[in-house]
Amino acid sequence: MLHYLWSFMIIVGMVWATLHGTLDAATQGLIDSAREAVMLGITMLGIMSFWSGIMEVGNKAGLLEWLTEKMGPVLNFLFPRLPKDHPARRPISVNMIANMLGLGWAATPAGLEAMKALQPGGENRHIATNEMCTFLILNISSLQLIPMNMIAYRSQYGSANPMAVVGPALVATTISTLAAVVFCKVVDR
Amino acid sequence: MILVWLSRYMIPFVICYLIGFGLLSGRPVFDDFLDGAKAGMKTVAGILPTLIGLMTAVGVLRASGFLDALAGWLAAPAAWLHVPKELIPLTLVRMISNSAATGLVLDIFAKYGPDSLIGMAASILMSCTETLFYCLSIYFGSVKVTKTRYALPGALLATAAGVAASIVLSSFL
């Protein structure tokens with residue numbers, strides 16, 4: 001899937017640019033994006049290492065174990081076939097809680113760790129399991145409760161009530177997450 | 001409002017709480033921090049190639065003008081579904097790049113105002129959707145999963161539900 005998606009984006013982009021005389025812009029877009037990716041990587045290297053460190057402090061102190069236990073019912077519902085002592089349970093819990101609280105930078109390293117822990121061994125390594133699909137779809141359904149970024153942008157652009165987005169955002173994100181859960185439950189049967 | 005207040009202080013609170021808890025349990029917290037940070041650096045270094053590959057592809061696609069054309073083709077079916085035309089490019093870009101989508105939202109804010117119908121819809125849309133293709137590539141790319149099975153349809157459905165909810169909810173306000 002990713003092979004096709006990636007090839008599609010580059011080839012269609014280049015062919016389209018050739019046909020519409022925007023080839024210079026497309027090439028420049030490639031160079032600019034490569035630089036942008038490295039800049040983003042540097043930001044991530046700092047802030048994600050920091051959060052991984054902070055999370056490890058919580059982990060060693062036993063807090064994450066407690067959190068995972070509290071998340072037990074949710075995990076059992078979403079991942080019914082995941083054993084109770086599976087190593088992915090902790091990073092999944094951390095990822096979900098961090099996402100809900102809006103700590104995106106803390107959520108990503110935990111999410112990647114969860115993916116690694118969920119990956120099957122042997123020949124099926126390259127095929128996503130049901131648990132991996134559910135976990136990813138939930139992440140993409142957006143779990144963040146309060147959109148702090150949007151509130152900040154709205155007030156920056158002179159909104160009379162920047163907070164007005166909070167209520168509808170909570171309802172909308174619940175709807176998108178519910179859609180994700182129902183979809184996963186139906187497919188996962 | 002309590003939730004918003006909590007969110008604002010969430011980051012310092014979580015950091016202080018975790019460190020404080022570690023100290024009280026008698027842990028060498030800085031050593032623990034360094035272990036975790038080292039693992040985090042490895043993680044980031046591992047996804048950097050994915051990041052470069054994906055972002056360059058997105059960059060080419062955007063700069064070529066293909067996305068604008070795609071938004072144009074989708075305008076007619078979207079109008080039939082009562083999707084405002086400014087939200088089509090935003091929805092497309094939202095799925096591939098967070099920074100580019102934020103740029104589009106700020107354009108909408110500057111042009112129509114954040115409290116307009118379209119400004120509100122864009123605000124909600126950004127709050128209830130994620131960077132679909134970015135997440136998919138980073139998460140699956142990091143473990144070299146190539147057969148993504150039903151992850152993409154599921155993610156598209158969740159995004160569509162979010163977009164629909166944004167449009168309906170903003171029209172009620």
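Visitor: What share of the contacts in chain B with a separation of 6 or more comes from residues 24 or more positions apart?

Guide: That's 59%, where a contact means two C-beta atoms, placed from the backbone, within 7 Å. Keep in mind that this is a predicted model, where local features need pLDDT of at least 70, side-chain atom pairs count only at pLDDT 80 or more, and totals for chains, interfaces and linings use all residues. Residues are numbered from 1 along each chain as its sequence is written, and chains are lettered from A and ligands numbered from 1 in the order in which they are written.

Visitor: What makes chain B more spread out than a compact globule?

Guide: Its radius of gyration is 20 Å, well over the 16 Å that the globule rule gives for 173 residues, so chain B is more spread out than a compact globule. The radius is taken over C-alpha atoms, and the rule is 2.2 Å times the number of residues to the power 0.38. The C-alpha atoms fill a box of roughly 65 × 45 × 30 Å along the principal axes.

Visitor: How many helices and strands does chain B have?

Guide: There are 9 helices and 0 strands, counted as DSSP runs (H or I, at least four residues; E, at least two) numbered from the N terminus.

Visitor: Which helix gives the largest share of the side of chain B that touches chain A?

Guide: The contact takes 87 residues from chain B and 91 residues from chain A. On the chain B side, H3(B) gives the largest share, 26 residues.
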